[in-house]
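The sequence and structure are shown first.

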Amino acid sequence: MKHVIVIGAGIVGLSTAHHLLKEGVRVTVIDRDPEGDKASFGNAGGIAVTEVVPASVPGLLWKVPGWLLDPLGPLAIRATHAPSLITWLLRFSSAGRPAEVRRIAAALAALNTRVYTDLLPLLAENGLLGELQQLGALTVYENAKAFESEAAQWALKRAYGVEVLDLSGDDAREIEPALGASVARGVFTPQWSHVRDPRKLVDALRQSLVGRGLCIRVGEACSIGPGVLDAAVSVGLHDGQRVLADSVVVAAGAWSGQLARDVGDKVLLESERGYNTTIAAPGVVLSREVIFAERHFVATPLSCGLRIGGAAEFGGLNAPANFQRSRALVRLAAHYLPGLRAEGGTYWAGHRPATPDSLPVIGASPRNPAVIYAFGHGHLGLTQGATTGRLVSDIALGKPPQIDLAPYAISRFN
Ligand SMILES: Cc1cc2nc3c(=O)[nH]c(=O)nc-3n(C[C@H](O)[C@H](O)[C@H](O)COP(=O)(O)OP(=O)(O)OC[C@H]3O[C@@H](n4cnc5c(N)ncnc54)[C@H](O)[C@@H]3O)c2cc1C
């Protein structure tokens, strides 16, 4: 029986394990803390299939200085980390050229149009369909000009089949009565959904997979090397042990870069840290995820409370979290949701695995075909996890891919 090691028990690694188990493969997930906190637990819970526009778009760089001047604004770069970020930032900047934006949008859309095809059976087969709330999302604007300035992005989304309904401020308040008078425009995107609680979902998925035969090994993967005898590849653990397999999938989220470099593959991967506050008794009711466009944050009604999250902080993987950001997001939310009770929230921070072109890395290593990459999903890992798992499972089994994988190849960083 074929044996595949998956490094990482986040949503991407577990989704990959799901598809491989379904194909009768023996799967071992290696994680230094399988049940521990991770991006897949604390995210906003959005199945954001409508998000096909990359982070870098024409005109964005002009806004960056203003954001950086605001110490609790939507973007921050820690001074000590800035020098090592230069190459990533240059590549990010070139991803914002119009032709690149169109190319990247096509590649994001190719993944996102497959999401429900892969996600719904994954949830159903693990008894988790009830976790999905298919209620759409509402994007709101305070300023009609800000709405107009994003017209090209909405047009691009429409071109890829995203359903977009333009709303007045009153229409938006009719859908979500908790919104205050500051909302001037809205956009309803019915294809978006959210999960009831990402942490519960990932925990339940892991437990279900263990029930289906998944082996979980606690340990930190430090190296990926050649196999011995019949095994094509081996993974070295921090305690000196080696685990052998036919293939290894690197799904270690923001920590995947070091493992790829160990294989000899260049990659540009950064931690884009996000923050949130979850308020169990927020005093306001939202029925669906709301995106506050100008301020770059969201609020999602989860079963554990209202989660208010956002921010993009580049400081590397080891900088201490600055929970002032979590508090600042609540203050912003109170501006849009006048009845919000801000007390008693739980603060959280987590590392988004961010590539400069907003595309994940999915595909076999050109250096060693027994190594398959599945990381770098940035803001869309929960959304694209099931589809990535399906694609990676097909690669491991030598099946023809469901979509053209060229845009996601790690060789783009050479
Ligand atoms: C504030 C915020 C909001 C977000 N909102 C959304 C959203 O609404 N929708 C959406 O689709 N996405 C969202 N995201 C992004 C999404 O959460 C991530 O893209 C996704 O969780 C990444 O999943 P992953 O499995 O790749 O990584 P992780 O969830 O980070 O899991 C990686 C795992 O690998 C393990 N690991 C790492 N290195 C090693 C090693 N060397 N050896 C062994 N184990 C290792 C870690 O312990 C961890 O368990 C959000 C992210 C943040 C931070």
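## Salt bridges within helices

Helix 10 holds both Arg199 and Asp203, which are four residues apart, about one turn of the helix. In this predicted model, the side chains of Arg199 and Asp203 form a salt bridge, with N and O at 3.6 Å. The limit for calling a residue buried is under 20% relative accessible area.

A second pair lies in helix 5 (residues 98–112), where Arg103 and Glu100 are three residues apart and thus separated by about one helical turn. Their side chains meet in a salt bridge with an N to O distance of 2.9 Å. Arg103 counts as partly exposed, at 34% relative accessibility.

## A buried pair and its network

Which residue forms a salt bridge with Glu313? The partner is Arg325, and the closest N and O atoms of the two are 3.2 Å apart. This pair links distant parts of the chain, since Glu313 belongs to strand 18 (residues 305–314) and Arg325 to helix 12, twelve residues apart. Glu313 is buried, with a relative accessible area of 3%, and Arg325 is buried as well, with a value of 5%. Salt bridges with shared partners join Arg78, Arg273, Glu313 and Arg325 into one network.

Leaving aside residues up to four places away in sequence, Arg325 touches Pro71, Leu72, Gly73, Ala76, Tyr275, Ala311 and Glu313.

In the structure as a whole, the search finds 17 salt bridges. Four of them are set out below.

| Residue pair | N to O distance |
|---|---|
| Arg103 and Glu100 | 2.9 Å |
| Arg199 and Asp203 | 3.6 Å |
| Glu125 and Lys22 | 3.2 Å |

The protein is divided into domain 1, made of 3–41 + 200–266 + 358–413, and domain 2, made of 50–194 + 269–354. The centres of the two domains, taken over C-alpha atoms, are separated by 26 Å. Domain 1 contributes 42 residues to the contact and domain 2 contributes 32 residues.

The size of an interface is often given as the accessible area lost when the parts come together. For domain 1 and domain 2 this buried area is about 3,100 Å², of which 64% is on carbon and sulfur atoms. On the side of domain 1, Ala254, Ser358 and Thr387 supply 16% of the area buried against domain 2, more than any other three residues.

How many salt bridges does the rule find across the interface of domain 1 and domain 2? The count is one. Glu125 and Lys22 form a salt bridge through their side chains, at 3.2 Å from N to O. With both residues at pLDDT 80 or more, 16 residue pairs are in polar contact between domain 1 and domain 2. The elements giving two or more residues to the side of domain 1 that touches domain 2 are helix 1 (11–22), helix 2 (39–42), helix 10 (198–211), helix 11 (256–263) and helix 13 (381–396). Helix 10 is also the helix that holds Arg199 and Asp203.

## Arg341 in a loop

Arg341 is located in the loop between helix 12 (324–336) and strand 19 (346–354). Is this residue buried or partly exposed? Arg341 counts as partly exposed, at 44% relative accessibility. Its contacts, not counting residues up to four places away in sequence, are with Ile279, Ala281, Pro282 and Gly283. Between Arg341 and Leu85 there are 256 residues of sequence separation and 38 Å of space, C-alpha to C-alpha.

## Cysteines

A disulfide is a covalent bond between the sulfur atoms of two cysteines. The structure holds zero disulfides. Cys215 is partly exposed, with a relative accessible area of 39%. Cys304 likewise counts as partly exposed, at 31% relative accessibility.

Terms used
Residues are numbered from 1 along each chain as its sequence is written. This is a predicted model: local features need pLDDT of at least 70, side-chain atom pairs count only at pLDDT 80 or more; totals for chains, interfaces and linings use all residues. Side-chain values use heavy atoms; hydrogens and water are left out. A disulfide is a pair of cysteine sulfur atoms within 2.5 Å. Buried means under 20% relative accessible area, exposed over 50%, partly exposed in between (1.4 Å probe, protein chains only). Domain bounds come from an automatic or database domain assignment. Contact means heavy atoms within 4.5 Å. Buried area is the accessible area (1.4 Å probe) that two parts lose on being put together, summed over both. A salt bridge is a side-chain nitrogen of Lys or Arg within 4 Å of a carboxyl oxygen of Asp or Glu. A polar contact is a pair of N or O atoms within 3.5 Å; within protein, one must be able to donate a hydrogen and the other to accept it, and residues adjacent in sequence count only if both atoms are side-chain atoms.
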